[in-house]
Amino acid sequence: MFVNSNDKALPVFNCIFLPHHLGVYSQSAFNENPVLSQSSYNREWMKSIPEETPLSAIAIPGTHESLTLYKGLFASYLQSQVWNLKDQLNVGVRYFDLHSRNWIPKKTIYVGYSHWLIGKEIPLGEVLRDILDFLENHRNETVILKVTFHKLVFHNNKDAEDLMKTIIDKFRSKIWTNTLAPKMKDARGKIVFLKTDVFRAGTESHDSHFFEHNRLTNVEKKIKNIKSNLCERHIMVTGTSASTTEKPIKLAQKVNEQLYNFLKQHNTSSENHGCLGVISMDFPSAEIIKIITELKPYMWSYNY
């Protein structure tokens with residue numbers, strides 16, 4: 001038996017705004033092709049964001065279970081992504097959701113590279129190295145990282161906390177660990193860790209609560225109510241993951257289509273663009289990622 005140590009801190013919604021009238025879904029929002037064209041690269045989209053803008057005021061494309069590229073038995077129930085880490089970075093993804101299983105004691109923290117529950121694992125340090133190599137070549141960008149630690153119920157977190165500290169210390173100069181979200185001038189070229197049970201020194205994050213009973217509900221009103229408290233200090237995360245009873249790839253077809261339509265409307269009619277925060281998706285397309293990157297940050301949207 002296992003538990004997710006961060007479920008209470010950052011819950012992820014199971015379904016989102018399912019359509020009732022569409023039988024065929026366009027490829028504008030959903031992608032299952034593992035080949036990423038260089039024409040879809042979006043490596044420097046953060047370059048134009050003013051230095052004083054808080055990271056929490058920016059709409060950021062992300063992926064749910066970012067390294068879940070599982071191709072084995074029951075893949076249709078386990079796989080969440082088709083692009084590897086480097087392709088996701090190249091297409092503009094700036095939030096990564098990583099998962100580590102700890103069934104037995106280890107000398108370092110590993111994260112799942114096919115699915116966190118089964119399959120291949122790689123050291124977290126290698127993932128950080130790949131991200132930092134990208135940031136070295138694209139110094140105007142920043143990456144938000146969440147590591148969820150799964151353990152047997154009778155294990156405690158102390159060993160994992162110690163291992164996490166060792167890894168973080170190795171990359172200390174390139175990692176943001178303060179509680180409040182950094183401004184872009186402080187975040188560029190760095191990895192921003194979100195606070196979890198295993199990494200308690202990270203930046204605070206909150207669920208957006210934009211979805212109620214599988215529907216987007218009063219999003220603009222909710223943003224207005226929370227933007228002064230959350231959008232300038234803590235990072236909001238909106239999850240679009242599949243339920244345990246529906247295949248992620250099938251649900252993503254419906255979810256991403258509805259999210260795409262909402263984002264297009266939000267982009268043209270809302271004054272609160274950036275307060276959408278992180279949008280964490282399964283099987284996102286390059287187009288939906290691009291739409292998110294084009295939303296203006298909250299603090300300077302009125303000047304345009």
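Predicted model: local features only at pLDDT ≥ 70, side-chain atom pairs only at ≥ 80, totals over all residues.
Trainee: Which residues of the largest nonpolar core touch the most other members?

Mentor: The largest nonpolar core holds 60 residues. Helix α3 (residues 124–137) supplies the largest share of this core, 7 residues. The residues that touch the most other members are Leu-124, Phe-193, Leu-263 and Leu-276.

Trainee: How many residues are in the second, separate core?

Mentor: The second core stands apart from the largest one. Its members include Ile-58, Tyr-95, Ala-181 and Val-237. The number of residues in this second core is 17.

Trainee: Leaving aside neighbours within four places in sequence, with which residues is Leu-276 in contact?

Mentor: Leu-276 is among the residues that touch the most other members of the largest core. With neighbours within four places in sequence left aside, the contacts of Leu-276 are Ala-59, Phe-210, Val-219, Ile-223, Met-236, Thr-238, Phe-262, Leu-263, His-266 and Leu-295.

Trainee: With which side chain does the side chain of Ser-208 make a polar contact?

Mentor: Ser-208 sits in the loop between β9 (205–207) and β10 (211–212), and its relative accessible area of 4% makes it buried. Beyond four places in sequence, Ser-208 is in contact with Met-236, Val-237 and Thr-238. The polar contact, at 2.6 Å, is with the side chain of Thr-238.

Trainee: Which exposed residues does the face of α4 turned away from its buried side carry?

Mentor: The buried side of α4 is formed by Ala-160, Met-164, Ile-167 and Ile-168. In general, an α-helix has 3.6 residues a turn, so residues three or four places apart point the same way. The face turned away from the buried side of α4 carries the exposed residues Lys-158, Asp-159, Lys-165, Thr-166 and Lys-170.

Trainee: Which elements are included in what covers the buried residues of α8?

Mentor: Helix α8 comprises residues 286–293, and its residues Ile-288, Ile-289, Ile-291, Ile-292 and Thr-293 are buried. The cover over these buried residues includes β2 (60–63), α2 (85–91), α7 (248–269) and β13 (278–281).

Trainee: What is the phi of Glu-65?

Mentor: Most residues other than glycine have a negative phi. Glu-65 is located in the loop between β2 and α1 (75–78), and it is buried, at a relative accessible area of 13%. Although Glu-65 is not a glycine, its phi is positive, at about 45°.

Trainee: What value is the phi of Phe-283 near?

Mentor: Phe-283 belongs to the loop between β13 and α8. With 2% relative accessibility, Phe-283 is counted as buried. Its phi is positive in a residue other than glycine, with a value near 50°.

Trainee: Which residue is 226 residues from Phe-30 in sequence and 5.9 Å from it in space, C-alpha to C-alpha?

Mentor: Phe-30 is placed in the loop between β1 (2–4) and β2, and its relative accessible area of 2% makes it buried. Residues up to four places away not counted, Phe-30 touches Ile-249, Ala-252, Gln-253, Asn-256, Phe-283 and Ser-285. The residue at 5.9 Å, C-alpha to C-alpha, is Asn-256.

Trainee: How many residues apart in sequence are the parts that the pair of Phe-30 and Phe-283 ties together?

Mentor: The structure holds 1 aromatic pair. The ring centres of Phe-30 and Phe-283 are 5.8 Å apart with planes at 45°, so the pair is tilted. Because Phe-30 lies in the loop between β1 and β2 and Phe-283 in the loop between β13 and α8, the pair ties together parts whose separation in sequence is 253 residues.

Trainee: At what distances does the side chain of Gln-88 reach the backbone oxygen of Ser-66 and that of Trp-83?

Mentor: Gln-88 is part of helix α2 and is buried, at a relative accessible area of 1%. Leaving aside neighbours within four places in sequence, its contacts are Thr-63, Ser-66, Gln-81, Trp-83, Val-93, Arg-94 and Phe-96. For the backbone oxygen of Ser-66 the distance is 2.9 Å, and for that of Trp-83 it is 2.8 Å.

How values were computed
Residues numbered from 1 in each chain as written. Heavy atoms only, no water. Helix = DSSP H or I, 4+ residues; strand = E, 2+ residues; numbered from the N terminus. Buried < 20%, exposed > 50% of the residue type's maximum accessible area, 1.4 Å probe, protein only. Polar contact = N/O pair within 3.5 Å; in protein donor to acceptor, adjacent residues only side chain to side chain. Contact = heavy atoms within 4.5 Å. Core = buried A, V, L, I, M, F, W, Y, C linked by side-chain atoms within 4.5 Å. Phe/Tyr/Trp six-rings, centres within 6.5 Å; stacked < 30°, edge-to-face > 60°.
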